[in-house]
Amino acid sequence: MAANPLVQDAMDRVKAVGFKNVELIRDRYDAQHFGNAEAIFRVGRVLLRFRRDRGQGFVDLASTASPERFHQFDDVDIAMGWKSVEQVLTKREPEDLTSVLKRLFQNFQHLEDAFSGEQERFTRARVEKAAKERGDAFVARLRR
């Protein structure tokens, strides 16, 4: 089985923006299908899932309290007030991973607190609400 090139790429990016104590949890790689890959890392109480799908990179987030429930970073952006639904929907392509990671690093303490303890379920609900709002707005745009 071929080594997963996403693991080293993601680790390099995470460390370059300033994260410390990053632990690889698991990864998978499919060289035969466009090089699709996944790598999940733990940073404190937050899980970062890097995905490469047909050459495009994405980051999803989960809390260690609910490690099975990952959220698209766009929905976290909306829920945390870092971006509006409109800003997310007007993107023409996925945001550069380094840019995403810089925003995560700058807001990490707040994010880690929000995804910890009693706050975790409220934050998860906020992110799920943001996902629904984004989906509804997307469908409304299609209908215009």
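**Close-up views of a predicted model**

**View 1. The largest nonpolar core of the predicted model has 36 residues, and those with the most contacts inside it are Phe-50 and Leu-104.** Helix α1 (residues 5-16) gives the largest share of this core, 5 residues. Such a core is a set of buried Ala, Val, Leu, Ile, Met, Phe, Trp, Tyr and Cys residues joined through side-chain atoms within 4.5 Å, where buried means under 20% relative accessible area with a 1.4 Å probe and protein chains only. Leaving aside neighbours within four places in sequence, Leu-104 is in contact (heavy atoms within 4.5 Å) with Phe-19, Leu-48, Val-59, Leu-61, Phe-73 and Leu-111.

**View 2. Strand β3 (residues 46-53) pairs with strand β2 (residues 36-43) in the antiparallel sense through 7 bridges, and with strand β4 (residues 56-63), also antiparallel, over 8 bridges.** Strands are DSSP runs of E, at least two residues, and helices are runs of H or I, at least four, numbered from the N terminus; two strands pair if DSSP finds at least two bridges between them. Arg-52 of β3 is the bridge partner of Ala-37, and its partner in β4 is Gly-57.

**View 3. Asn-4, in the segment before α1, counts as buried because its relative accessibility is 10%.** Its side chain joins that of Asp-27 in a polar contact of 3.1 Å, a term for N or O atoms within 3.5 Å, one able to donate a hydrogen and the other to accept it within protein, with residues adjacent in sequence counted only if both atoms are side-chain atoms.

Residues are numbered from 1 along each chain as its sequence is written. In this predicted model, local features need pLDDT of at least 70 and side-chain atom pairs count only at pLDDT 80 or more, while totals for chains, interfaces and linings use all residues, and side-chain values use heavy atoms, with hydrogens and water left out.

Key:
Buried means under 20% relative accessible area, exposed over 50%, partly exposed in between (1.4 Å probe, protein chains only).
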